[in-house]
Amino acid sequence: MRKHAQPPTDPSRRRFLASLGLGGLGLLLPQDGLAAAPAPPAPLAVEKLATLHDLTKCVGCGACVSACREANAHKFPEPLRPFPPMFPSSVKVEDWSTKRQVDDRLTPYNWLYIQSARGQFQGQRFEIHIPRRCMHCQNPPCANLCPWGAAARDTNGVVRIDDQICLGGAKCKAVCPWAIPMRQTGVGLYLKLMPRFGGNGVMYKCDRCFDRLAKGQKPACVEACPFEVQEIGPRAEIVAKAHALARSMNGYIYGETENGGTNSLYVSPVPFDVLDAAVTTGPGKPDLAKAPDMMADETRLAYAALLAPVAGVVAGALRLGSRLAGGGKTSGQPEKDTPEKDTPEKDRPDTPKEKLP
């Protein structure tokens, strides 16, 4: 959150993660097979995509919200009832299936909403509307720290959750600086494995219309906006445009460096700390505070590196179990490609603050 460039992430960290990840994988494979395995081909370079939001253009009409709901309705959960009693009994049901019309916050059925800020800055009144959804971080803690390998970042930078293997443990939400993912009880693989103990549902969030992107289309929210608030393109180009736009209005950028850098950039004529103080935050309503890099901590880096190969194996096992248990789908969900201040925070049962090793 700043006026307009941050040095790039230290490449030594990436090498550290890669070396530990390969080492962890070696522990899981037979040594003979490992020695005989040919070197994999170098991956093709894929441009990371980012979106730019010009907040001077947004009027809060909600066209993007409606388009998102319509384009992704086939991905929404259809829970089975009655919900199995959970152990311990303090685990609470999270059921949004009877409140699908709610569109003023994030839910498993509403992956994008308009957050509005009203106030004064430099003696002038302002009213700014902010489309909020997953930030699609460059180094996403949700994907790095999911113990089941259900969350992952695609090669084009899209971060998404595989609902075929997600057990709804909410680790992704606990480590997300904005607590974006939302859980729906009574859907997913946990019903077929350990319904009393196994997670309590599936986590949902914006997947940037990855299926539309695969067809060469724009995300529904970008395409539907009548005021061209958003544009999508290669991240380097989007960052350059964000800086140019910020200079033109003497404005401010959010998302370029937050949480180590994201693929969702916002440009506003009002500082984001002022906007943060003016918006309503709480469950399903993320803040606009300056988010530190969740993966900068060396403990988390090591944990993620060691977890990655294990999570990959677990994800494969869960995916196979899903197909054997339910014919390849869970609770009516479509098949997917394998993915590469209402209540105080402390009182939110759906957002556990887990400590990492």
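Residues are numbered from 1 along each chain as its sequence is written, and side-chain values use heavy atoms, with hydrogens and water left out. Because the model is predicted, local features need pLDDT of at least 70 and side-chain atom pairs count only at pLDDT 80 or more, whereas totals for chains, interfaces and linings use all residues.

Side chains of opposite charge can pair when their charged atoms come close. With a salt bridge taken as a side-chain nitrogen of Lys or Arg within 4 Å of a carboxyl oxygen of Asp or Glu, the model contains 10 salt bridges. One of them joins Glu94 to Arg183, with 2.5 Å between the closest N and O atoms. Glu94 lies in the loop between helix H3 (63-71) and strand E2 (113-121) and Arg183 in strand E6 (residues 182-184), so this pair ties together parts that are 89 residues apart in sequence. Helices (H or I, at least four residues) and strands (E, at least two) are DSSP runs, numbered from the N terminus. Glu94 and Arg183 are both buried; buried denotes under 20% relative accessible area, exposed over 50%, and partly exposed the range in between (1.4 Å probe, protein chains only).

A salt bridge is also formed by Arg160 and Asp154, at 2.6 Å from N to O. Arg160 counts as buried at 5% relative accessibility, and Asp154 is likewise buried, with a relative accessible area of 12%. In the salt bridge between Glu231 and Lys241, the N to O distance is 2.9 Å. Glu231 belongs to strand E8 (residues 230-234) and Lys241 to helix H8 (residues 235-249), so the contact ties together parts that are 10 residues apart in sequence. Glu231 is partly exposed at 31% relative accessibility, and Lys241 is partly exposed at 39%.

The cysteines were examined next. A disulfide is a covalent bond between the sulfur atoms of two cysteines. Under the criterion of a pair of cysteine sulfur atoms within 2.5 Å, the count is 0 disulfides. For Cys176, the closest cysteine sulfur is that of Cys137, and the separation of 6.4 Å is too far for a bond. Cys176 is buried, at 15% relative accessibility. Cys209 is also in no disulfide, the nearest cysteine sulfur being that of Cys68 at 6.0 Å. Cys209 is buried as well, with a relative accessible area of 5%.

Cys209, although not a glycine, has a positive phi of about 50 degrees; Cys209 is located in the loop between strand E7 (202-204) and helix H6 (210-214). Asn259 is another non-glycine residue with a positive phi of about 50 degrees. The position of Asn259 is in the loop between strand E9 (252-254) and strand E10 (264-268), where Asn259 is buried with a relative accessible area of 0%. The peptide bond joining Arg81 and Pro82 is cis, with omega of about 0 degrees, and Pro82 is found in the loop between H3 and E2.

His136 occupies the loop between strand E3 (124-132) and helix H4 (141-145) and is buried, with a relative accessible area of 0%. The His136 side chain reaches the backbone nitrogen of Val159 at 3.0 Å. Arg69, in helix H3, is partly exposed, with a relative accessible area of 21%. The C-alpha atoms of Arg69 and Ala220 are separated by 9.0 Å, although these residues are 151 residues apart along the chain.

Rolling a probe the size of a water molecule over the atoms shows where empty space is left. A cavity is a set of points, on a 1 Å grid over the protein atoms alone, where a 1.4 Å probe fits but cannot get out; lining residues have an atom within 4 Å of a point. Grid points are joined across faces, edges and corners, and the volume is the space filled by probe spheres set on the points. The largest cavity holds about 100 Å³ of space. Its lining consists of 15 residues, with Cys58, Cys64, Pro131, Cys225 and Val229 nearest the centre of the cavity. By class, the lining of the largest cavity comprises 12 nonpolar, 3 polar and no charged residues, where Ala, Val, Leu, Ile, Met, Phe, Trp, Tyr, Cys and Pro count as nonpolar, Asp, Glu, Lys and Arg as charged, and the others, Gly among them, as polar.

Conventions. On a 1 Å grid over the protein atoms alone, a cavity is a set of points where a 1.4 Å probe fits but cannot get out, and a pocket is an open set with protein on both sides within 12 Å along at least five of seven lines; lining residues have an atom within 4 Å of a point. A polar contact is a pair of N or O atoms within 3.5 Å; within protein, one must be able to donate a hydrogen and the other to accept it, and residues adjacent in sequence count only if both atoms are side-chain atoms.
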